[in-house]
Amino acid sequence: MKSTGIVGLGAVGSRVARQLTASGSHLAVFDTDHGAVSELRALPNTVALADANLRDELTDVAVVATPAPQAPIALDLLRRGVHVVTTTDDPDDVHELLGHDARSEEHTSELQSRQYLVCRLLLEK
């Protein structure tokens with residue numbers, strides 16, 4: 001079973017961790033504060049990570065609950081194939097993440113157009 005990753009175990013991240021473990025979720029947690037990690041490692045179905053290097057084979061979704069900026073962490077996780085939930089309220093973070101979303105939509109649209117052309121060429125043969 002894949003775990004839900006949580007990066008940042010302050011007030012928000014630790015609350016999310018407790019709620020998720022109460023519902024039976026498996027967690028992979030990371031924070032630079034080793035005390036916070038030790039405290040949450042005691043929760044059921046929770047493993048501590050040595051770094052924020054979450055990968056899609058370990059987790060399919062991660063909650064980024066660090067202080068701003070969260071965008072660099074979130075974008076790195078997205079590149080690794082991990083779905084991301086951020087807790088940022090920083091306008092620059094939000095702007096950067098929305099800009100990435102727009103680029104993703106453009107890329108997806110371009111790929112769909114190419115797939116359509118390939119399918120059409122195959123059907124014409």
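The model is predicted, so local features need pLDDT of at least 70 and side-chain atom pairs count only at pLDDT 80 or more, while totals for chains, interfaces and linings use all residues. Residues are numbered from 1 along each chain as its sequence is written, and side-chain values use heavy atoms, with hydrogens and water left out.

Let us begin with the whole protein. It has four helices and five strands, where helices (H or I, at least four residues) and strands (E, at least two) are DSSP runs numbered from the N terminus. Along the sequence their order is β-α-β-α-β-β-α-β-α. Of the 125 residues, 30% are buried; buried means under 20% relative accessible area, exposed over 50%, and partly exposed in between, with a 1.4 Å probe and protein chains only. The protein exposes about 8,000 Å², and carbon and sulfur atoms supply 55% of that area, computed by the Shrake-Rupley method with a 1.4 Å probe. Among contacts (heavy atoms within 4.5 Å) with a separation of 6 or more, 40% join residues 24 or more positions apart.

Now turn to helix α1, residues 11-22. Its 12 residues reach 17 Å from first C-alpha to last, close to the 16 Å expected at 1.5 Å a residue; the expected span is 1.5 Å times one less than the number of residues. Which residues of α1 are buried? They are G13, S14, A17 and T21. These cover an arc of only 95 degrees around the axis, which puts them on the same side of α1; the arc is that of the directions from the helix axis to the C-beta atoms. Their cover includes β1 (3-7), β2 (27-30), α2 (34-41) and β3 (46-48). On the other side of α1, A11, R15, Q19 and A22 are exposed. Just after the helix, G24 takes a positive phi of about 95 degrees.

Finally, look at helix α4, residues 91-124, which holds D93. Is D93 buried or exposed? At 2% relative accessibility, D93 counts as buried. Leaving aside neighbours within four places in sequence, D93 is in contact with A68, P69, Q70, A71, P72 and T88. With T88 there is a side-chain to side-chain polar contact at 3.0 Å. A polar contact is a pair of N or O atoms within 3.5 Å; within protein, one must be able to donate a hydrogen and the other to accept it, and residues adjacent in sequence count only if both atoms are side-chain atoms.

P91 is also found in α4, but P91 is exposed, with a relative accessible area of 59%.
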